[in-house]
Amino acid sequence: MTDEFSEEIRLNQIGYYPNAHKIATIVNAEEGIFLVVKDSIDVVFTGALSENKNWELAGEHLRTADFSEIMKEGNYNIYVPGKGYSYPFEIKPNIYKEAFLGSIKGLYYQRAGMALEEKYAGKWHRPAGHPDDSVLYHRSSKISREIVNSPKGWYDAGDYNKYIVNATFPLGQFFLLHQQYPDIVKDGALNIPESNNGVSDYLDELKYEMDWALTMQDDDGGLYHKLTTLNFEGMVMPHLATAQRYIVGKGTAATLDFAGCAAQAYRVFDAIDKAYAHKCLEAAKMAYAWAQDNPNVAFVNPPDVSTGQYGDRDFKDEFFWANAELFISTQDQKYLNNLDDATSFKFRPGDNWTAFMRYTGVFSLLDNKEIIPESLYNNLRTGVLRLADELVARGNNTDYFQPIDDFQWGSNSDVLNAALIMAQGYRLEPKPEYLKGVQQATDYIFGNNANGYSYLTGFGDKTPMFIHHRQSAGDDVEEPVPGLLSGGPNSRLQDASSGTIYPENPSPMKSWVDQEPSYASNEICLNWNSPLTYVLGFLERESN
Ligand code: 9MR
């Protein structure tokens with residue numbers, strides 16, 4: 001066997017659980033056979049390639065190699081005559097443990113306001129940037145008190161700004177995993193500064209973000225929308241990106257998302273720090289009260305601010321999430337009475353992803369069956385199962401068995417949010433097809449896709465090297481910061497005139513390039529890591 005691996009055999013480059021459904025995809029192959037080779041020498045399986053009729057989105061002809069029968073632990077490659085060997089992969093229990101922990105450690109590398117020391121960050125160590133101790137109010141803000149100190153938190157993405165909508169939404173998904181699988185990350189598992197303090201490293205890491213979110217609440221309860229420079233900074237390290245930062249906007253979306261997330265934080269942190277948990281709950285109630293008085297304040301960038309908008313004009317999903325979490329945390333009937341009764345859920349990918357706020361509330365309610373009315377429970381359950389069924393059905397009829405067929409900005413997170421919904425379906429009713437749907441979505445992320453990349457930096461044989469990420473661009477380390485998920489194919493190509501060079505007329509699934517300027521396909525972002533962490537944690541618990 002040579003060290004050359006075929007780019008035309010696509011599979012999960014990390015591997016598979018022994019009992020999982022297992023497939024590889026072969027591009028532009030004739031009818032024929034494939035072999036599964038163990039330890040580079042033993043042929044342990046021979047199978048026939050089957051044709052996949054769905055290949056319009058990928059734009060190239062596809063055949064499938066199903067080797068689910070192989071369940072024995074070990075190191076394997078697929079061999080296809082005329083193509084050669086696939087990248088190696090493993091079959092074993094706990095196959096995603098490192099990737100799971102890596103996706104959380106990725107958050108540590110996003111920390112604002114502190115140096116990353118070599119003993120925790122390895123070769124990605126760096127000086128501190130953005131202390132955020134002298135932040136100004138943007139002139140568009142109605143100032144009711146002087147906040148000049150708003151430290152900590154994670155950088156949102158490839159940029160260095162901090163946005164409340166996209167801090168609290170991912171926190172909500174991270175909290176959901178903790179609610180459902182409480183001891184999934186041990187103290188010391190992540191090698192972060194708080195390791196070995198007696199608290200799960202997961203909660204330590206999440207608290208770093210929650211601490212910042214709490215500073216963004218005004219005295220009247222409302223949440224400022226973001227902490228940002230006026231324009232995006234150059235591709236330099238944090239300590240060299242020193243433009244003045246501003247607190248900009250205040251609005252209903254940020255305030256309600258914070259209310260939902262802070263009400264969850266109350267339950268999450270109650271066991272380890274009662275005073276902190278209580279502070280989160282009081283903050284959540286105040287935020288909710290502000291939103292009731294100001295139910296329709298949409299955030300729009302002021303003319304001189306061009307950074308991320310995270311705009312939304314429909315606050316029903318945000319109200320649902322806040323009502324759900326506040327009811328569970330307080331059992332005050334007023335929140336239950338204010339829940340809207342929307343039970344026909346829709347999967348809305350792309351720019352409509354803020355609609356996913358609702359789901360965190362739905363899943364939290366389903367986890368608290370004993371305190372909600374039976375009819376509500378039944379409606380939510382039916383809605384989730386129906387949606388999970390739809391996603392399974394779609395996944396059975398796509399190119400790489402992925403649960404989406406429209407590739408927009410952050411499409412990898414749409415795949416994973418769909419997987420998260422199928423995971424909830426499985427928790428409600430453990431049907432094998434739900435678990436298979438979650439696994440296939442994971443296979444897609446780790447390499448069974450039209451670009452043949454594992455999209456999580458540092459995990460897999462062929463992973464993005466040129467993510468749109470200022471730290472990775474500005475340091476002198478060859479590999480990008482690990483544990484960060486590339487956004488994925490985006491057929492809208494919004495960055496085509498900003499230095500990104502796409503193949504000519506790319507198919508929707510090939511609308512992705514591993515190029516640093518590609519902020520529309522190859523950036524990383526908190527709300528893309530969060531469903532990945534959830535899904536990997538879920539599989540580590542449910543799939544072994
Ligand atoms: O994830 C956001 C995507 O849905 C929007 O289409 C896009 C353009 O408005 O913005 C994305 O979010 C970016 C945010 O605005 C700023 N930080 C980086 C985010 C990921 O690209």
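**Ground rules**

I number residues from 1 along each chain as its sequence is written, and I work with heavy atoms for side-chain values, with hydrogens and water left out. Since the model is predicted, local features need pLDDT of at least 70 and side-chain atom pairs count only at pLDDT 80 or more, while totals for chains, interfaces and linings use all residues.

**Entry 1: the largest pocket**

I started with the open space. My search ran on a 1 Å grid over the protein atoms alone: a cavity is a set of points where a 1.4 Å probe fits but cannot get out, a pocket is an open set with protein on both sides within 12 Å along at least five of seven lines, and lining residues have an atom within 4 Å of a point. Grid points are joined across faces, edges and corners, and a volume is the space filled by probe spheres set on the points.

The largest pocket comes out at about 590 Å³. It is lined by 25 residues, and G308, Y310, W409, E523 and W528 are the closest to its centre.

**Entry 2: the ligand**

Which residues surround the ligand? Taking near as a heavy atom within 4 Å, I listed D156, A157, D159, Y163, G308, Y310, D351, W353, W409, E523, C525 and W528. I was pleased to meet G308, Y310, W409, E523 and W528 again, having noted them by the centre of the largest pocket.

Next I looked up polar contacts (a pair of N or O atoms within 3.5 Å; within protein, one must be able to donate a hydrogen and the other to accept it, and residues adjacent in sequence count only if both atoms are side-chain atoms). The side chain of W353 has an N or O atom 3.1 Å from a ligand oxygen. For W409, a polar side-chain atom sits 3.0 Å from an oxygen of the ligand. E523 also places a polar side-chain atom 3.0 Å from a ligand oxygen.

**Entry 3: closed cavities**

How many cavities of 30 Å³ or more are there? I found 6. The largest cavity holds about 70 Å³, and its lining is Q173, L176, F356, Y359, T360, F363, N417, L420 and I421. Helices α3 (165-180), α9 (357-366) and α11 (411-428) each give two or more residues to that lining; helices here are DSSP runs of H or I with at least four residues, strands are E runs of at least two, and both are numbered from the N terminus. I counted 6 nonpolar, 3 polar and no charged residues around the largest cavity.

The second largest cavity is about 50 Å³.

I compared spans with the expected value, 1.5 Å times one less than the number of residues. For burial I used under 20% relative accessible area as buried, over 50% as exposed and in between as partly exposed (1.4 Å probe, protein chains only).

- α3 has 16 residues and spans 23 Å, close to the expected 22 Å; 15 of the 16 are buried, so α3 is largely enclosed by the rest of the structure.
- α5 (252-269) has 18 residues and spans 25 Å, close to the expected 26 Å; 16 of its 18 residues are buried.
- α12 (432-445) has 14 residues and spans 20 Å, close to the expected 20 Å; 11 of its 14 residues are buried.

I also checked A262, which belongs to α5 and is buried at 0% relative accessible area.

**Entry 4: single residues**

N196 has a positive phi of about 70° although it is not a glycine. I placed N196 in the loop between α3 and α4 (201-215), and found it exposed at 65%. N505 also has a positive phi, near 40°; it is in the loop between α13 (470-474) and α14 (526-542) and is exposed at 71%.

Last, I looked at S472 in helix α13. S472 is buried at 12% relative accessibility, and its side chain reaches the backbone nitrogen of V481 at 3.0 Å.

Terms used. Nonpolar A, V, L, I, M, F, W, Y, C, P; charged D, E, K, R; others polar.
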